[in-house]
Amino acid sequence: AKTQPTTIRSLVTISGYSGTGKSALANTLRPKCKASNVFFVSGKFDLKQMDEPYSGFRIAMADLCSQICALPRSHPGTMQSVGQDTRTLDVIRQRIMDSLNTDELQSLNKLIPNLADVVGIEALSYNNTSAAEARSDDASSALFTHAHTHSTEGFKEQSIRLKFAFRRFIKIICSCCPLVWISDDVQWADKESLNMIESWMLDTTISSLMVVICFRSNLVNMDGINNGNTSNDNDLSRKRTSDFGSVSSSSATDLVGPLLASIR
């Protein structure tokens, strides 16, 4: 295994043949995350869904929204207080509403069916005016805030909006609570998903995020993934790489401890 200096965003790659314990190693993080109040989500790509963008993200995002909805509510009068507990449903909901406009939330809703459980069904209505839509000084948001012309809008514009909204959504979640994101069977991931992961790693405003990707080394290698689907391999050098034969539960425990500590 190769270890790079710890950063506030960690990319961990786990490779090996089928059945060698890659998924088991990644999932060893789950109880440790729960004990540390860290969000843990996992998604899996499928050979039959390679042509479907973000297919391996849907279950993970649905699970993340469910975990957010299970958080406690904020105490009255503490939403704007200094030192507030950010790991509450109300704080996360408000930050999403302040950062994403209706177009962006609509784009995310197509990927995350239970997003309405987090933000409320009214936030997805065009009758709603969010704080994000009212901002005029946010150039990035303004780029994607325009007349509602979905019927004539091209696929490229929709894809750009979704990528922007997805990255900002992850940034908001990580600002409230550390997140460990597992993507399994990445050898079958679509290009959009790989580019999305890259965008998280390159966004210097995102903190407290660990992405763990597992793939079959006999089908693809990490250099092949980067060279084929990302813009700058050197920018993704802040990663830990592990190639396993078979992994025992004891060795997995020894390996995942330092990984979780890196995002705290």
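Student: In this predicted model, which residues of α5 are buried?
Tutor: The model is predicted, and its local features need pLDDT of at least 70. Helix α5 spans residues 102-111, and eight of its 10 residues are buried, so the helix is largely enclosed by the rest of the structure. The buried residues are Thr102, Asp103, Glu104, Leu105, Gln106, Ser107, Leu108 and Leu111.

Student: At the start of α5, which backbone nitrogen does a side-chain oxygen of Asn101 reach?
Tutor: The contact lies at the start of α5 and involves a side-chain oxygen of Asn101. That oxygen comes to within 3.1 Å of the backbone nitrogen of Asp103.

Student: How far apart in sequence are the parts that Lys44 and Asp184 tie together?
Tutor: Lys44 and Asp184 form a salt bridge, with their closest N and O atoms 3.6 Å apart. Lys44 lies in strand β2 and Asp184 in strand β3, so the pair ties together parts separated in sequence by 140 residues.

Student: Is Asp185, another partner of Lys44, buried or exposed?
Tutor: Asp185 forms a salt bridge with Lys44, the closest N and O atoms being 2.9 Å apart. Asp185 lies in the loop between β3 and α10, whereas Lys44 belongs to strand β2. The relative accessible area of Asp185 is 7%, and the cut-off for burial is under 20%, so Asp185 is buried.

Student: Which residue meets Arg73 in a salt bridge?
Tutor: Arg73 lies in the loop between α3 and α4, and its partner is in helix α4. The N to O distance is 2.7 Å, and the partner is Asp90.

How values were computed: Residues numbered from 1 in each chain as written. Predicted model: local features only at pLDDT ≥ 70, side-chain atom pairs only at ≥ 80, totals over all residues. Heavy atoms only, no water. Buried < 20%, exposed > 50% of the residue type's maximum accessible area, 1.4 Å probe, protein only. Helix = DSSP H or I, 4+ residues; strand = E, 2+ residues; numbered from the N terminus. Polar contact = N/O pair within 3.5 Å; in protein donor to acceptor, adjacent residues only side chain to side chain. Salt bridge = Lys/Arg side-chain N within 4 Å of Asp/Glu carboxyl O.
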